[in-house]
Structures are given as C-alpha cells and as structure tokens.
Amino acid sequence: MPKLYAYTDGACSGNPGPGGWGALLLAKDGDTVLKSRELSGGEAETTNNRMELLAAINALNALDKPSTITVVTDSVYVKDGITKWIHGWKSRGWKTAAKKPVKNEDLWKDLDAATQRHTITWEWVKGHAGFEENEKADELARAGMEPFKSK
C-alpha cells in the first residue's frame, strides 16, 4: 500500500505583499515515488502565514477520497496551530487565550474542514535546510507568487 505525503510551503515578498503557496503530493512505496502532483497559487496582497495555510488546505482538498497522509511543513505556525492551538480557539469561540480574535480565522476554519475526512500525521522540517521535497514546495510557492509581483 503506497504512503501519501504532502510537502507544503508558503512564500511572501514583503509581509504583507505578493505571496504564493506550493504543495508537492507524493504517493510512495518505500523510497520509490509512484505518483506525484504539483500544486501552486498565489495572491497579490497577503502574508506568509496565510500562504502556509493555503498550501496545506489546497493539498488536502486535492485528494479525491478520504486518505491517510503525512503533511510535511516548515511552518511551526501551521503544525502547532492545527495540532495544538485550534482546540482551544474553537472552545473559546475563535479567540486566543488572551481573548483576542484568532488571526487568519477564515483559513484556520478552512484547514479544520479540510482535515475532517482524512487521517493526518503532521511533521515539521526545518525550511531551507536541503530537504529535497520541501525545497520543491518552496519552488512551487515562489512560482505561485510570480504573477503577483510588480514588474
């Protein structure tokens, strides 16, 4: 049975500024890649954190059926947000522990919804540290940003 992986990344030129997100989806049998799919997109005025979230959302929403998948991100914000913080935010009506509105609430709700039909393991890797698949996700994010950068 192949294992599914989504390597996700976001990029921003200025924060806020034009940004992009990228995701590399892989079906692997051991070290052998059986199938791969590349996704990317961007926005004219956004933040790095929003792009990191959109990468994960789009990767999960691209799966045709409920799946067991490992999502690999270099964003502590995304990993800790979805595995730790979101439970408290939801129980407090989307407020932080300091009773402030949760930043990017719209995308956190979208990510929460995207996770519901899948069994997900979340992994963090250090960004720009030579992890081939993470570097590819970064390349896709930068490509997604390109149309929105001023010439």
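This report describes the sheet, the helices packed on it and the aromatic pairs of a predicted model.

Residues are numbered from 1 along each chain as its sequence is written, and side-chain values use heavy atoms, with hydrogens and water left out. Because the model is predicted, local features need pLDDT of at least 70 and side-chain atom pairs count only at pLDDT 80 or more, whereas totals for chains, interfaces and linings use all residues.

**The sheet**

Helices (H or I, at least four residues) and strands (E, at least two) are DSSP runs, numbered from the N terminus. An open sheet with mixed pairing is formed by 5 strands in the order β3-β2-β1-β4-β5, where two strands pair if DSSP finds at least two bridges between them. At the edges stand β3 (32–46) and β5 (119–124), each with a single partner strand, so one side of each is left without a neighbour in the sheet. On average, and with direction ignored, neighbouring strands of this sheet are turned by 20° against each other.

Strand β4 (residues 68–73) runs parallel to β5, to which 6 bridges join it, and β1 and β4 also pair in the parallel sense, over 5 bridges. Individual partners can be followed across these strands: T68 has T119 in β5 as its bridge partner, while T70 in β4 stands opposite Y5 and also opposite T121 in β5. Of the 6 residues of β4, 5 are buried, which leaves the strand mostly covered; buried means under 20% relative accessible area, exposed over 50% and partly exposed in between (1.4 Å probe, protein chains only).

**Helices on the sheet and against each other**

Helix α2 lies across β4 and β5 and runs at about 140° to β5. Helix α4 (residues 132–145) packs on the sheet as well, touching β1 (3–12), β2 (17–29) and β3, and its direction makes about 140° with that of β2. Contact here means heavy atoms within 4.5 Å, and axes are lines fitted to C-alpha atoms, for helices over the stretch in contact, with angles running from 0 to 180 degrees between N-to-C directions.

Helix α2 (residues 76–91) also packs with helix α3 (residues 105–115), at an angle of about 95° and with the axes 11 Å apart. The two helices α2 and α3 are therefore roughly perpendicular to each other, a term for angles of 65 to 115 degrees. In this contact, Y77, V78, G81, I82, I86, W89 and K90 of α2 meet W108, L111, D112 and T115 of α3. The contact residues divide into 7 nonpolar, 2 polar and 2 charged.

**Aromatic pairs**

The structure holds 6 aromatic pairs, counted where rings of Phe, Tyr and Trp (its six-membered ring) have centres within 6.5 Å, with planes under 30 degrees apart taken as stacked, over 60 as edge-to-face and the rest as tilted. Two of the pairs are set out here.

| Pair | Centre to centre | Angle of planes | Arrangement |
|---|---|---|---|
| Y77 and W108 | 5.2 Å | 65° | edge-to-face |
| W85 and W89 | 6.0 Å | 50° | tilted |

Y77 in helix α2 and W108 in helix α3 are 31 residues apart, and their pair links distant parts of the chain; both Y77 and W108 are buried. By contrast, W85 and W89 both lie in helix α2, 4 residues apart, about one turn of the helix. W85 is partly exposed, with a relative accessible area of 36%, whereas W89 is buried at 9%. Ring pairs link Y77, W85, W89, W94 and W108 into a cluster.

How values were computed. Parallel < 35°, antiparallel > 145°, perpendicular 65-115°, else oblique. Nonpolar A, V, L, I, M, F, W, Y, C, P; charged D, E, K, R; others polar.
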